Amino acid sequence: MTDLSMNTFGADYNPDMLSFGSGYDPGFNLDTLSYSSAAPVASTALPPASLLDYMNQQEQLYNLPSGLLASIAQIESGFNPNTPNGAAGEVGMMQLLPSTAAGLGVNPYDPYENINGAAQLMSKNLQQFGSLPAALSAYNSGSPTRSPGYAQKVMSLLGVSPPGQAVSGAPNAAGGLTAAGAISWYWYGLAILIILSLAFLGVRSMTK
């Protein structure tokens with residue numbers, strides 16, 4: 001069972017990349033997980049720390065890019081678990097279809113199970129379609145090619161550039177070197193170049 005008391009983010013998680021605000025009123029009681037009648041909040045609101053932490057744990061469990069679930073939640077509902085059902089009947093913070101949730105074995109009206117369902121779905125999409133843009137498009141429309149605009153919105157929040165490279169020090173679930181990893185290799189290469197240049201100059205001075 002996942003330990004929800006943990007409140008530490010992964011080393012690669014950078015909430016500043018997601019343009020969150022502050023002052024979030026979750027609209028439900030975290031102790032009882034019962035919903036209230038609070039009005040929907042702005043799409044830039046910050047969710048409770050326990051939900052962010054749970055998203056991070058689910059990303060690690062299903063080998064998803066760090067920050068992916070929070071990016072999806074911001075696009076889908078502004079982190080509001082009470083968000084009105086979508087046009088096709090989507091439910092909850094991650095806007096899962098009831099039929100999809102049933103197939104994943106989760107209750108879409110429970111915020112934590114809603115997040116777990118989204119994590120399962122994205123993991124399956126990544127395995128099936130092989131890239132983050134295609135997996136996100138399928139999450140939104142059921143097709144890996146039908147929703148490129150949606151995929152780009154989520155990836156922009158995540159700090160990802162096609163074909164799906166997350167801002168992280170390690171390869172992401174979609175494959176490929178991440179931005180931070182590329183920067184590390186740049187500085188490593190530059191250091192090697194400087195060392196070789198100094199060595200060359202030293203050899204020249206010794207032969208004069």
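Student: What makes a residue of this protein count as buried, and what share of the 208 residues does?

Tutor: Buried means under 20% relative accessible area, exposed means over 50%, and partly exposed is what falls in between, using a 1.4 Å probe and protein chains only. By that rule, 41% of the 208 residues are buried. Keep in mind that this is a predicted model, where local features need pLDDT of at least 70 and side-chain atom pairs count only at pLDDT 80 or more, while totals for chains, interfaces and linings use all residues. Residues are numbered from 1 along each chain as its sequence is written, and side-chain values use heavy atoms, with hydrogens and water left out.

Student: How many helices and strands are there, and what makes a stretch count as one?

Tutor: A helix is a DSSP run of H or I with at least four residues, a strand is a run of E with at least two, and numbering starts at the N terminus. That gives seven helices and two strands here, in the order β-β-α-α-α-α-α-α-α.

Student: Why is helix α2 called mostly covered?

Tutor: Helix α2 spans residues 68-77, and nine of its ten residues are buried. Among them are Leu68, Leu69, Ala70, Ile72 and Ala73. The cover includes α1 (49-61), α4 (111-129), α5 (132-141) and α6 (148-158), with contact meaning heavy atoms within 4.5 Å.

Student: How do you know where the buried residues of α6 sit around its axis?

Tutor: The buried ones are Tyr150, Ala151, Val154, Met155, Leu157 and Leu158. They cover an arc of only 155° around the axis, so they lie on the same side of α6; the arc is taken from the directions from the helix axis to the C-beta atoms. Pro148 and Lys153 are exposed on the other side of α6. The cover over the buried residues of α6 includes α2 and α5. Gly159 follows α6, and its phi is positive too, near 80°.

Student: How do you know whether Thr83 is buried or exposed?

Tutor: Thr83 has a relative accessible area of 15%, so Thr83 passes as buried. This residue lies in the loop between α2 and α3 (98-104). Leaving aside neighbours within four places in sequence, Thr83 is in contact with Ser77, Gly92 and Gln95.

Student: And Val106: buried or exposed, and on what value?

Tutor: Buried, because its relative accessible area is 10%. Val106 is in the loop between α3 and α4. Not counting residues up to four places away in sequence, Val106 touches Leu96, Ala101, Glu113, Asn116, Gly117 and Gln120.
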